[in-house]
Structure formats: C-alpha cells, structure tokens
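Here is a short report for a reader meeting this structure for the first time. Keep the sequence and the 3D view at hand while reading.

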Amino acid sequence: AAPKFAVLISDVVDVAKSHIACIDNKNVGGRRLIVGKDVKKLVEWSQIMAEAMPEYAKKLPKKELPNFMVKLISLVDSSAKTMIPDLQIVMQTDTTYSEDLLGIKFKSAESAMSEAAKSVIRLGLV
C-alpha cells in the first residue's frame with residue numbers, strides 16, 4: 001500500500017529544456033515557473049508503472065494506506081514524517097503559462113514515468 005500523497009510529475013528532459021529556454025528569454029524575468037504536466041498520487045504512479053512494465057506489477061502497491069498508518073510508521077521511519085503535512089492533499093496546477101512563455105509542451109506524467117521506469121530497468125537499478 002502507498003500513502004495518500006501526491007506530487008507534480010516533471011520529465012527531466014522538460015526541466016532541462018525549460019532551463020535552456022529561460023536563458024535567452026527576457027520575458028521570464030526571474031519568475032518561478034511550474035514545469036510538469038500532471039499531479040499524481042503514489043497509487044496512480046503504481047498503476048502507470050504497472051501498465052508500462054507488467055512484469056513488475058506484482059511488486060507495486062495497489063491500495064492506499066490509511067493516514068493513521070502513515071503517522072504510526074512515521075514514528076520509526078523519518079522519511080514518512082515528511083509526508084504527514086501533505087497527506088490527502090492533491091495540488092491543482094496549470095502549466096499553460098509556463099508552456100506559452102517558454103514555447104514548450106510538457107510531456108504527460110504517464111509518458112515521463114514510463115520512460116523513467118524503463119530507463120531504471122535498462123540501467124539495471126531494479
């Protein structure tokens with residue numbers, strides 16, 4: 001099971017392209033831009049990765065942990081503590097402004113995550 005926790009998914013290539021596009025773009029003017037297309041919960045990550053690599057589907061979480069379980073686990077696992085303030089919060093983002101300003105269409109979370117997962121396997125990290 002996975003905590004009820006969500007994050008913005010950004011493709012590393014989109015991040016790199018965005019950095020380069022900001023260098024010569026005078027319209028950016030020091031603004032902070034959202035780079036990434038979709039916000040996904042951890043259990044949604046698992047579903048995307050299971051579709052991209054069915055041979056690893058059995059090892060991925062399929063359900064969400066109740067919040068009290070995450071809080072209980074955080075007593076012995078400090079990495080779980082960092083999630084507690086954001087449990088069950090799902091960000092709403094709109095990258096239209098960033099995409100228009102930089103002239104880049106960001107990849108979907110599904111595309112970014114499946115490419116990253118395949119790369120991890122190709123490099124023998126799993």
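## Overall layout

This is a predicted model. The protein has 6 helices and 2 strands. Along the sequence, they follow the pattern β-α-β-α-α-α-α-α. The C-alpha trace spans about 50 × 35 × 20 Å along its principal axes.

Of the 126 residues in the protein, 31% are buried. Consider the contacts between residues at least 6 apart in sequence: 78% of these join residues at least 24 apart.

## Helix α6

Helix α6 covers residues 109-122, 14 residues in total. From first C-alpha to last, α6 reaches 20 Å. That is close to the 20 Å expected at 1.5 Å a residue. Just after α6 comes Gly124, with a positive phi of about 75°.

Which residues of α6 are buried? They are Ala109, Ala112, Met113, Ser114 and Ala117.

## Ser114

Ser114 sits in helix α6. Its relative accessible area is 15%. The cut-off for buried is under 20%, so Ser114 counts as buried. A polar atom of the Ser114 side chain lies 3.2 Å from the backbone oxygen of Ser111.

## How α2 and α6 pack

Two packed helices are described by the angle between their axes and the distance between the axes. For α2 and α6, the angle is about 60° and the axes are 9 Å apart. The two helices are therefore oblique to each other. Their crossing is right-handed.

Which residues meet where α2 and α6 pack? From α2 come Trp45, Ile48, Met49 and Ala52. From α6 come Glu110, Met113, Ser114, Ala117 and Lys118. Met113, Ser114 and Ala117 are also among the buried residues of α6.

## The loop between α4 and α5

Gln88 lies in the loop between α4 (78-81) and α5 (96-102). Its phi is positive, about 70°, although Gln88 is not a glycine. Is Gln88 buried or exposed? At 54% relative accessibility, Gln88 counts as exposed.

Thr95 is also found in the loop between α4 and α5. At 4% relative accessibility, Thr95 counts as buried. Setting aside residues up to four places away in sequence, Thr95 touches Ile34, Gly36, Lys37 and Phe106. Thr95 and Ala50 are 45 residues apart along the chain, and their C-alpha atoms are separated by 26 Å.

## Phe106

Phe106 has its place in the loop between α5 and α6. Its relative accessible area is 6%, so Phe106 is buried. Phe106 and Asp11 are 95 residues apart along the chain. Their C-alpha atoms are separated by 7.7 Å.

Notes:
Residues numbered from 1 in each chain as written. Predicted model: local features only at pLDDT ≥ 70, side-chain atom pairs only at ≥ 80, totals over all residues. Heavy atoms only, no water. Helix = DSSP H or I, 4+ residues; strand = E, 2+ residues; numbered from the N terminus. Expected span 1.5 Å × (residues − 1). Buried < 20%, exposed > 50% of the residue type's maximum accessible area, 1.4 Å probe, protein only. Polar contact = N/O pair within 3.5 Å; in protein donor to acceptor, adjacent residues only side chain to side chain. Axes fitted to C-alpha atoms, helices over the stretch in contact; angles between N-to-C directions. Parallel < 35°, antiparallel > 145°, perpendicular 65-115°, else oblique. Left-handed = near helix turned anticlockwise from the far one by under 90°. Contact = heavy atoms within 4.5 Å.
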